[in-house]
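Here is a short note for a colleague who has not seen this structure before. Please read the points with the model open.

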Amino acid sequence: VLGAALDESAGRRDAATSAYRQILEIDPNNVVALNNLAFPLAVHQKMPAEGLVFARRAVTAAPNNPTVLDTLAWIQHLLGDDASAAKLMQEVVRTNTLNPEIRLHAAIVFAAAGQRTPAQTQLAFALKLNPTLANSPDVKQLQAQLAK
């Protein structure tokens with residue numbers, strides 16, 4: 001799995017995707033491979049429906065893992081199911097994760113679901129954890145949306 005993660009972080013997503021698929025042939029319930037395959041399929045390869053299958057399997061295998069729950073919620077958001085995504089994100093933030101990217105995802109999902117106050121809270125927390133996120137286009141767009 002580490003080799004696949006290294007491929008992914010180096011921008012070699014196709015190699016990582018292939019490696020995760022190979023891992024799943026050997027170990028179909030490998031949570032890391034399921035999660036790390038779901039996200040790039042949904043986000044980078046613009047195939048959220050296919051990513052959703054792997055994300056759901058990851059949540060079944062690790063129902064309390066905030067990273068896995070975040071991936072499923074984010075894919076649900078990409079598919080336009082913001083109500084389900086927000087419900088999952090409520091579980092994620094209750095884990096008190098200190099991952100700023102997850103907190104930013106929560107803020108975006110809450111805003112999309114019309115939950116302005118939780119969105120503002122999560123955005124502030126994400127920026128406290130990683131102030132450099134303030135330069136991100138996603139943050140700027142969210143701030144503009146929340147300022148309306």
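**Notes on helix packing, the pocket and confidence**

1. Helix α5 passes helix α7 in a left-handed crossing. This is a predicted model, and in it the axes of α5 and α7 come within 10 Å and cross at roughly 35 degrees.

2. Which residues make the contact between these two helices? On the α5 side they are P66, T67, D70, W74 and H77, and they meet I102, H105, I108, V109 and A112 in α7. By class, the contact of α5 with α7 has six nonpolar residues, three polar and one charged.

3. The largest pocket holds about 160 Å³ of space. Twelve residues line this pocket, and the closest to its centre are N35, F39, T67, D70 and T71.

4. Which elements give two or more residues to the lining of the largest pocket? They are α3, α5 (66-78) and α7 (100-112). Helix α3 gives the most, with four residues. The lining as a whole divides into three nonpolar, six polar and three charged residues.

5. Helix α3 (residues 31-43) also packs against helix α2 (residues 13-26), at an angle of about 145 degrees and with the axes 9 Å apart. Here too the crossing is left-handed, with α2 passing α3.

6. In this second pairing, T17, Y20, R21, I23 and L24 are the α2 residues, and their partners in α3 are A33, L34, N36, L37 and L41. Seven nonpolar residues, two polar and one charged make up the contact of α2 with α3.

7. On confidence, the protein averages a pLDDT of 91, and 93% of the residues score at least 70. The stretch to set apart is residues 1-10, where pLDDT stays under 50. For these residues the model has 17 contacts beyond four places in sequence. Where pLDDT is low, predicted coordinates should not be read in detail.

Definitions and conventions
Residues are numbered from 1 along each chain as its sequence is written. This is a predicted model: local features need pLDDT of at least 70, side-chain atom pairs count only at pLDDT 80 or more; totals for chains, interfaces and linings use all residues. Side-chain values use heavy atoms; hydrogens and water are left out. Axes are lines fitted to C-alpha atoms, for helices over the stretch in contact, and angles run from 0 to 180 degrees between N-to-C directions. A crossing is left-handed if the near helix is turned anticlockwise from the far one by less than a right angle, and right-handed if clockwise. Contact means heavy atoms within 4.5 Å. Ala, Val, Leu, Ile, Met, Phe, Trp, Tyr, Cys and Pro count as nonpolar, Asp, Glu, Lys and Arg as charged, and the others, Gly among them, as polar. pLDDT is the predictor's confidence in each residue, from 0 to 100. On a 1 Å grid over the protein atoms alone, a cavity is a set of points where a 1.4 Å probe fits but cannot get out, and a pocket is an open set with protein on both sides within 12 Å along at least five of seven lines; lining residues have an atom within 4 Å of a point. Grid points are joined across faces, edges and corners, and a volume is the space filled by probe spheres set on the points.
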